[in-house]
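Please study the sequence and the structure before reading the solutions.

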Amino acid sequence: MAGVVVLGLAAAAVVFWPGVRAIDFHPVEEIGRFEPAVPVGSAWSDAEVIGERAYFASADPDGRLGVVAVDTGSREVVWRNPAVGTAALWDRMIALPSALVVFSALESGTGKAQMRLLSAEDGAELWNRPLGASDAVHIGADTMVLVDRVEERLLGLDLADGRVRWEEKDPDATTVVTVTTQADLAGPAGSAGRPFSPNVSDDDRFVQINSDRSASVRDIRTGKVARTRPSVASTSDEVIAHEGRLFVQESGTAKRIFAYDLEKLGEPVTLHTADPADSLSKLTPCGEARLCFVETAGFDHDKDEVVAVDAVKGGELWRHSVAQVESLTPVGDSLLAVTDDSSLLLGGGGDATWTVPGVAVRLDAGNVLRFSDGLTTSVGSRSLSGVHVGDKATEMGLVRDVRPGACAWNTSVLACVGETDFALYSFA
């Protein structure tokens, strides 16, 4: 991820609160326009940013996909590939340090989706593989875990060439979750909280949940099992693994959240128990040794409450009413709660710091980028503001004639798909 740039004497005025440097926001400025490799139209398009690399993708009416890679520092095109592949509909892409992964939607004729990996260096295809409708992909530093539910296999694939590093039979619809750390959640993230630049090398483990409710902690690179425990979770339970702990939201009649130590996988700690008539969802790490989630009374989302609990010992720390929560994103010790029309920042004690219309997203563990309206794929304009947690917001002006839902960012630039081309903007 690109570091925060502070020029000249401004460095002396930077305020450190709550422990993360304030980004030096300035009025948004267009710094580059780029011709697409395939004409931009009504078909799928998107942008991704990782570190100082921006990727822009577009597909034509025939489903031909093209990608342009741009260095956000030099503002030069690194490569363009007008023939990535052809599909009835392209779906998404994920940028990695060494590769760009693109996925198509399911093809009606085959019932399969395409997954293609392009080299970050020159855009050439590294390898490709079809995916079934229920297959799942999880990416580590140099290994991809593929849950192949059609062939009932669990595979560890080398990211560089797609070769199978390890495999085993998997007849029972396994659920896999990778282990994240605080470093994974300290960089830019999308509107749903997906990190753009996770530190995938700092914990190369995953947890496998089996249909018999057992859980296994495994190494991504080798597939080796470190430890196993029975009676942990069902494959339909909401489960996340973070900072050495496995969090399980029980989906039965009892509404409880448990925490397991991944090093021991011994008896769990009960972090929270809700009324049986309520529902729990959106488990999200939200600071040092804290877990946040949404508790909904009687399944009425107008009565949503965001709750924080101690992730080690259990016990409620705070709760705050936020109707119709769509996503939770940690920002250091604070938490962004995004609804269908507004964004709320909750401080470390659960108090509302601000509420604004539109969508707010994380830049790093102390700074937020705010869009004045929803991130749709229709061409339009959005007002931007930047805010360091605890400080006043800096209004940065309009980004005009872009598809806001096809934008991505790091801590200083915004990459967007426009009506007919691609644009790069500087805001810090």
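**Exercise 1.** Determine how confident the predicted model is along the chain, and where pLDDT stays under 50.

*Solution.* Step 1: The model is a predicted one, and the average pLDDT of the protein chain is 93. Step 2: A score of at least 70 is reached by 96% of the residues. Step 3: Residues 1–18 stay under 50 in pLDDT. For this stretch the model has 33 contacts beyond four places in sequence.

**Exercise 2.** Describe the largest pocket: its space, its lining and the strand that gives the largest share of that lining.

*Solution.* Step 1: The largest pocket holds about 1,200 Å³ of space. Step 2: Its lining consists of 49 residues, and nearest the centre lie Thr178, Thr180, Gly193, Arg194 and Pro195. Step 3: Strands that each supply at least two lining residues include S6 (90–95), S10 (136–139) and S14 (175–180). S14 gives the largest share, six residues. Step 4: By class, 27 lining residues are nonpolar, 12 are polar and 10 are charged.

**Exercise 3.** Describe the second largest pocket in the corresponding way.

*Solution.* Step 1: The space in the second largest pocket is about 510 Å³. Step 2: Of its 26 lining residues, Asp46, Glu48, Gly405, Ala406 and Cys407 lie nearest the centre. Step 3: At least two lining residues come from each of S2 (45–50), S6 and S33 (394–409), with S33 giving the largest share, seven residues. Step 4: The lining divides into 13 nonpolar, seven polar and six charged residues.

Key. Residues numbered from 1 in each chain as written. Predicted model: local features only at pLDDT ≥ 70, side-chain atom pairs only at ≥ 80, totals over all residues. Heavy atoms only, no water. pLDDT = per-residue confidence, 0-100. Contact = heavy atoms within 4.5 Å. 1 Å grid on protein atoms, 1.4 Å probe; cavity = no way out; pocket = protein on both sides within 12 Å on 5 of 7 lines; lining within 4 Å. Points joined across faces, edges and corners; volume = space filled by probe spheres on them. Helix = DSSP H or I, 4+ residues; strand = E, 2+ residues; numbered from the N terminus. Nonpolar A, V, L, I, M, F, W, Y, C, P; charged D, E, K, R; others polar.
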